[in-house]
Amino acid sequence: SDMDQPLGFAVGNALEVKEAIDTLQGKGPADFLELCMTLGSYMLIAGEKAENEKEARDKLTESVYSGKALDKLAQLIEAQGGDQTSVYHPELLPTAEYQEDIISSQEGYISHITCIEIGMCSMLLGGGRETKESAIDLSVGLILRKKVGDFVKKGETLAVLHGNDREKMTQARQRFLQAYSFSQNIVEKSPLIKGVITP
C-alpha cells in the first residue's frame, strides 16, 4: 500500500483510536476504510469465511454498517481486561489542552509529505518515546487537513496540532512545515493499493 503519506488523517495515540472507531462505523477516512476492507477481505478468504473478494467485502460492509464491527472491538477490549466504554463514547478518550491550526504560507498542490517528519512531530509533542524511559502523552498528536494531490491556498489550514505544551507545539509546527512539498502543477493522487500478494 502507499506509504508515501500518513494513512487517514490522525497521528497520535488517542486521535488514531478515535479515527479507528469512526472507521468501524463507516465514517472514517476513505483511504483507511479502503485498506481495512482490502486486508479484511483477504483475511476472510484465507479463513474460508468467503469464497471471493466481493462476497468478503459485502460481509465486511454489512458488519460495519450494522454496528457489528464496533461491537467486536468492544468485545476484544473487554476480553483483554480493558474498559469498552470509550468505544461507544470516544469523547472519554484523553484530549489535549490546546489545539492550534498549522497555516500554509504558500499556495499550490501538495506534491509530497515526508512521513517520518510527521511522526517526529507527534513525538515532539509527547506522543512517542525518545528513550525507553520517556512517558507517552496519549492525548497529543495532529490531524491532517490536506494530503498529497490537494490544492492549498495561502492561509489555509494544513493540519491541527493537539498538545499540552506550547513550546513543544512551536517545535512541532516548524518541523511539520518542512515535511510538506508543493507544486504549481496538478499532482495526481497515487492508488492506495499497489498490489496484492496471495499464496
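Q: Which residue lies over the face of Tyr98?
A: Arg166 lies over the face of Tyr98, at 3.7 Å from the ring centre. Please note that this is a predicted model.

Q: And what lies over the face of Phe9?
A: That is Lys147, placed 5.3 Å from the centre of the Phe9 ring.

Q: How many aromatic pairs are there?
A: The count comes to 2 aromatic pairs. In one of them, the rings of Phe176 and Tyr180 have their centres 4.8 Å apart.

Q: Why is the pair of Phe176 and Tyr180 called tilted?
A: The planes of the two rings stand at 35 degrees, so the pair is tilted. Planes under 30 degrees apart would count as stacked, and those over 60 as edge-to-face.

Q: Are Phe176 and Tyr180 buried or exposed?
A: Phe176 is buried, with a relative accessible area of 0%. Tyr180 is buried as well, with a value of 5%.

Q: Changing topic: how many residues does helix 2 have?
A: Helix 2 covers residues 30–46 and has 17 residues. From its first C-alpha to its last it reaches 24 Å, close to the 24 Å expected at 1.5 Å a residue.

Q: Which residues of helix 2 are buried?
A: They are Phe32, Leu33, Leu35, Met37, Thr38, Gly40 and Ser41.

Q: What do those buried residues pack against?
A: They pack against helix 1 (13–23) and helix 3 (53–66).

Q: What about the backbone just after helix 2?
A: There, Glu48 takes a positive phi of about 60 degrees.

Definitions and conventions: Residues numbered from 1 in each chain as written. Predicted model: local features only at pLDDT ≥ 70, side-chain atom pairs only at ≥ 80, totals over all residues. Heavy atoms only, no water. Helix = DSSP H or I, 4+ residues; strand = E, 2+ residues; numbered from the N terminus. Expected span 1.5 Å × (residues − 1). Buried < 20%, exposed > 50% of the residue type's maximum accessible area, 1.4 Å probe, protein only. Contact = heavy atoms within 4.5 Å. Phe/Tyr/Trp six-rings, centres within 6.5 Å; stacked < 30°, edge-to-face > 60°. Lys NZ or Arg CZ within 6 Å of the ring centre and 35° of its normal.
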